[in-house]
Amino acid sequence: MGLKNKIMAAALGLITLFGPTINIHSKQETIEQKVEYKTEITLEQNKAQARDYNLEGRLTVLGFDLLINGLKSGIGAKYNGDDFWPAFGKGILSGAVVYAGKEIASFNEFPFLGATGKLVHDLGVSMSDNVMLSKPILSRYVTDFGPLEVHFEKGKDTKIYVHISPIVSIIKNFADKNKFELKETIYNFTPVFSFEVPLEIQQKGEFIGGYASQNIMTYCRNCQTDNFDLSSKSHEMNHVLFFSEFRFIDDLMPKKSEMVEKMLFLHPLAPLADYIRIGPMLAQGIFILPKLFSEKAYWYSPQELEAYTMQRPQYKNSHPFYR
Ligand SMILES: [Zn+2]
């Protein structure tokens, strides 16, 4: 087993173990902040002010979605020997669909809007992934549900792949005695769990209304004050969608069975390796790295900036940008 493979195996092992345990929290608020905005202005004024700031935030998310999907498609197509600009244009169109999916899913306080948004978002992601791979833009549709990723492709058999990290998240939710929410799972087309009272982080007076680990969502079911439960569900749904945007990493990786074949202990598993997907897990591992150095990094990580911007309802004090 070469050094490169050893390092890769160690890195993947660490991310598998610790990735899902380091959760992405939503809407932390100190008690002082809560008291402050309650006494200074009414909740309605607070929401109205947040909306003013929020429009700019939403336009920024839209801009990034257009640009990132344009670049992903353009660069991929160029690498495959096609022209950059036509693919870039198709990528921008895909980015608009991606953003539309996020907007729809943010209204997941209403039944099935979470699921509809997720499927529309999957359409946008599938479109730009197809262009990146120089396939016809609508030739393949990919969606995921918990650990399963399903590929529907024109003229080919339907394929099912497995993600390990959502399995770890589901086990962790059961171990934490969280309740499996069947109705919310169907409404959002992603596994949903809930806990009973706001979680306090390390007795710091900050509370968590929910967390998402990969595409598994957990929220506080008895946090109706100020619609904390709704904004948490909407926030975590955005993290669930973020997961899908890194499926393309697996498309770009070399054949996993060939990599695993060279590994000393793992080589009997080589035939299974091609059914395992790791892109979103790698992405989450990379995005949580800055948090290991500073707690403040939480607020400015791309996935939190997006989730705090897209969540509904929106409050002025939910994020440093909306104060
Ligand atoms: Zn979050």
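Guide: Two residues count as being in contact here when their C-beta atoms, placed from the backbone, lie within 7 Å. The model under discussion is a predicted one.

Visitor: With which residues is Val-240 in contact, leaving aside its neighbours within four places in sequence?

Guide: Thr-190, Ala-212, Asn-215 and Met-217 are in contact with Val-240 once those neighbours are set aside. Val-240 itself belongs to helix 8.

Visitor: What makes Val-240 a buried residue?

Guide: The cut-off for a buried residue is 20 or more other C-beta atoms within 10 Å of its own. Val-240 has 27 such atoms within 10 Å, and is therefore buried. In the chain as a whole, buried residues make up 39% of the 323 residues.

Visitor: How many residues does the largest nonpolar core have, and which have the most contacts inside it?

Guide: The largest nonpolar core has 22 residues, and Val-240 is among those with the most contacts inside it, together with Ala-212, Met-217, Cys-220, Met-237 and Leu-241. At least two residues of this core come from each of helix 4 (84-105), strand 6 (192-195), strand 8 (207-208), strand 9 (210-213), strand 10 (216-220) and helix 8 (228-244). Helix 8 supplies the largest share, six residues. In soluble globular proteins, nonpolar side chains tend to be buried together.

Visitor: Which residues in helix 8 and helix 14 meet?

Guide: From helix 8, His-235, Asn-238, His-239 and Phe-242 meet Gln-303, Glu-306, Ala-307, Tyr-308 and Met-310 of helix 14. Four residues of this contact are nonpolar, four are polar and one is charged.

Visitor: What separates the C-alpha atoms of Val-240 and Gly-146?

Guide: A distance of 9.7 Å separates these two C-alpha atoms, although Val-240 and Gly-146 are 94 residues apart along the chain.

Visitor: What percentage of the contacts in the chain with a separation of 6 or more is accounted for by residues 24 or more positions apart?

Guide: Residues 24 or more positions apart account for 62% of those contacts. The chain in which they occur has 14 helices and 11 strands.

Key. Residues numbered from 1 in each chain as written. Predicted model: local features only at pLDDT ≥ 70, side-chain atom pairs only at ≥ 80, totals over all residues. Helix = DSSP H or I, 4+ residues; strand = E, 2+ residues; numbered from the N terminus. Buried ≥ 20, exposed ≤ 12 C-beta atoms within 10 Å, placed from the backbone. Core = buried A, V, L, I, M, F, W, Y, C linked by C-beta atoms within 7 Å. Nonpolar A, V, L, I, M, F, W, Y, C, P; charged D, E, K, R; others polar.
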